[in-house]
Amino acid sequence: MSALYFERSGRDRVVAGVCGGIAARLAVDATLVRLVFAILALAGGAGIGIYLALWVYSGGRRTWVAAFLLSCAGAALLIGLGLHGASAIGAILLVAGLAVVLVRGGSLRPGGSLPLVGVALLIAGAVIFLGHSGARGSFIAPGAVLGALVLVVGPWLFRLTAERTERIRLQERADVAARIHDSVLQTLALVQRHADEPTRVAALARRQERELRRWLYGSGVAEAASLVAALADAAADVEELHGVPIELASSGDAPLDDRTRQLVLAAREAMTNAAKFSGAAEIAVYAEADPDSVAVFVRDRGSGFDRATVGADRRGLTDSIEGRLKRAGGAATITTAPGEGTEVELTLPGSRP
Amino acid sequence: MKRRVVLVDDHELFRAGVRGELAGVVDVVGEAGSVADAVPLIRELDPDVVLLDVHLPDGGGEGVIAGVAPDRPAVKFLALSVSDAAEDVIGVIRAGARGYVTKTISSSELADAIERVAEGDAVFSPRLAGFVLDAFRAGDQVGGDAELDELTAREREVLQLIARGYRYKEIAARLHLSVKTVEAHVSSVLRKLQLSSRHELSRWAQQRRLV
């Protein structure tokens, strides 16, 4: 790939993004590039010509044509400004030398070789040009010097930014290390300490896995797309929060829509109740879905309860479970008695018309 | 007399854990981590029950059953796994395993399951019951033996209660049956699952793989 290959910047732009593109390509500050172009523009409008040529040929296509056009643009501008004979030839040589240096690639990169032909043309051009332009060249001289300066300072600037990139990379690495230390290593230490408590270990591992996934793949795990997947997520959450293992079984599956989402939320509430109040050692959840209906059963073998003794202010059962199902067009049946355990049955009629 | 058990699982740590849990309850006579090691070992030891991982590096639990069952018909297999695709679990059952339990099972329940399998019963965890209901989901019957291709209403009921987390005793009480009858229903489902040439069963597995 040629050193001249660049794309106009879509984001960092003042006119057409040429300067932004060059800056991105060379990994230097866009303001610096703009400054160079501004000063070159003062030098008889050469900066504008070069800018236009680059604009037309952005994308790195036909670089030799671009270089030729650049030379022509530069020379034509200088001649248009009233430069004749030797100074015009000098200017052409100067621009051509610059073009060769850029096109041959690698000149602005550390370790890249400077094409000798280009440098020779550049120096010869500068000597002839400065020697013959006299007083009229008072604005042109700084431009030529600046061009040479860019070639010399460029690699150094590039190396500087490369170092900065490296520093950022090391910083990121340190962040990752800190993150892993805080999460994964802590979890592994906990796992070792609780090696004889499989439920605890499993819950720790599951939580860590989900945390790591969220962190690695953005703001969260890709959301569950089906009823069973969403129930599995809910079960994992409740398991993690209350430390009671939940066994999930299913037959068939249904897509997740507004109604089934309500069903999952109600099931989650039922699991939470079972985990918090029943005292059962495990909870069984079974989902059965076919086109005609969807049913979810949440069962525990815990203490059970008497509906009559549950205070009216306890919203979980009436609002979060029964009310939710009713609003979704389904029904919730709660079978329980003190000492008998509890089973919550949530049903939705099929969504198919 | 304690039951003689062989563990087949490619995770040594897991085998050590199970062996520890079952110490004193059953006699763990051997262990293997691959199909190639397991088949000669089981033929040699002739144990009562083999605890079998569904997934093994050189094939699955199916491979172990296929290698052992013809010569050692008395050896019973119980599949034990973390969380598997339904078609893999059904595959091991159809190959000849008499049950499937998940690795989160408690020690006492596992010991109980081994005992039941050794006696020739079937052991269905809630998860397996769900898978089986799914596999036998009502569909158009395609030829074959009608008796083998359909679950009876009662069998369906029993399976659904297993999936909902009920134990055999609780199911018996709820359906006003004896525990023996419940066991008979489960064994009958296992037989249908293993013997049915039901087209839907393979089509079901195919679809699950494609989804």
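In chain A, the loop that joins helix 9 to strand 1 contains Val244(A). The model is a predicted one. Val244(A) counts as buried because it has 22 C-beta neighbours inside 10 Å, and 20 or more are needed for that class.

Leaving aside residues up to four places away in sequence, Val244(A) touches Glu239(A), Ala275(A), Ala280(A), Glu282(A) and Ile283(A). Between Val244(A) and Gly279(A) the C-alpha to C-alpha distance is 9.1 Å, although 35 residues separate them in sequence.

## The sheet of chain A

Chain A has an open sheet of five strands with mixed pairing, in the order 1-2-3-5-4. Strand 1 and strand 4 (331–336) of chain A are the edge strands, each pairing on one side only. On average, and with direction ignored, neighbouring strands of this sheet are turned by 10° against each other.

Strand 2 and strand 3 of chain A are paired in the antiparallel sense, over eight bridges. Glu288(A) has Ala295(A), in strand 3 of chain A, standing opposite.

## Helices across the strands

Helix 9 of chain A, residues 227–242, lies across strand 1, strand 2 and strand 3 of chain A and runs at about 175° to strand 1. A helix of the other chain is also placed here: helix 6 of chain B, residues 126–135, lies across strand 1 and strand 2 of chain A. Its angle to strand 1 of chain A is about 10°.

## Contact between the chains

Between the two chains, 11 residues of chain A are in contact with 11 residues of chain B. On the side of chain A that touches chain B, strand 1 (246–251), strand 2 (283–290) and strand 3 (293–300) each supply at least two residues. Strand 1 of chain A gives the largest share, four residues. Sorted by class, this side of chain A has six nonpolar, three polar and two charged residues.

## Nonpolar cores

The largest nonpolar core has 98 residues, of which Leu231(A), Ala267(A), Met271(A), Val285(A) and Leu78(B) touch the most other members. Helix 10 of chain A, residues 258–278, provides the largest share of this core, with eight residues. Not counting residues up to four places away in sequence, Ala267(A) touches Leu231(A), Ala234(A), Val285(A), Val296(A), Val298(A) and Leu346(A).

Another core, of 15 residues, lies apart from the largest one. Among its members are Val28(A), Phe37(A), Ala53(A) and Val150(A).

Definitions and conventions:
Residues are numbered from 1 along each chain as its sequence is written. Chains are lettered from A and ligands numbered from 1 in the order in which they are written. This is a predicted model: local features need pLDDT of at least 70, side-chain atom pairs count only at pLDDT 80 or more; totals for chains, interfaces and linings use all residues. Two residues are in contact if their C-beta atoms, placed from the backbone, lie within 7 Å. Ala, Val, Leu, Ile, Met, Phe, Trp, Tyr, Cys and Pro count as nonpolar, Asp, Glu, Lys and Arg as charged, and the others, Gly among them, as polar. Two strands pair if DSSP finds at least two bridges between them. Axes are lines fitted to C-alpha atoms, for helices over the stretch in contact, and angles run from 0 to 180 degrees between N-to-C directions. A nonpolar core is a set of buried Ala, Val, Leu, Ile, Met, Phe, Trp, Tyr and Cys residues joined through C-beta atoms within 7 Å. A residue is buried if 20 or more other C-beta atoms lie within 10 Å of its own, exposed if 12 or fewer, and partly exposed in between; C-beta atoms are placed from the backbone.
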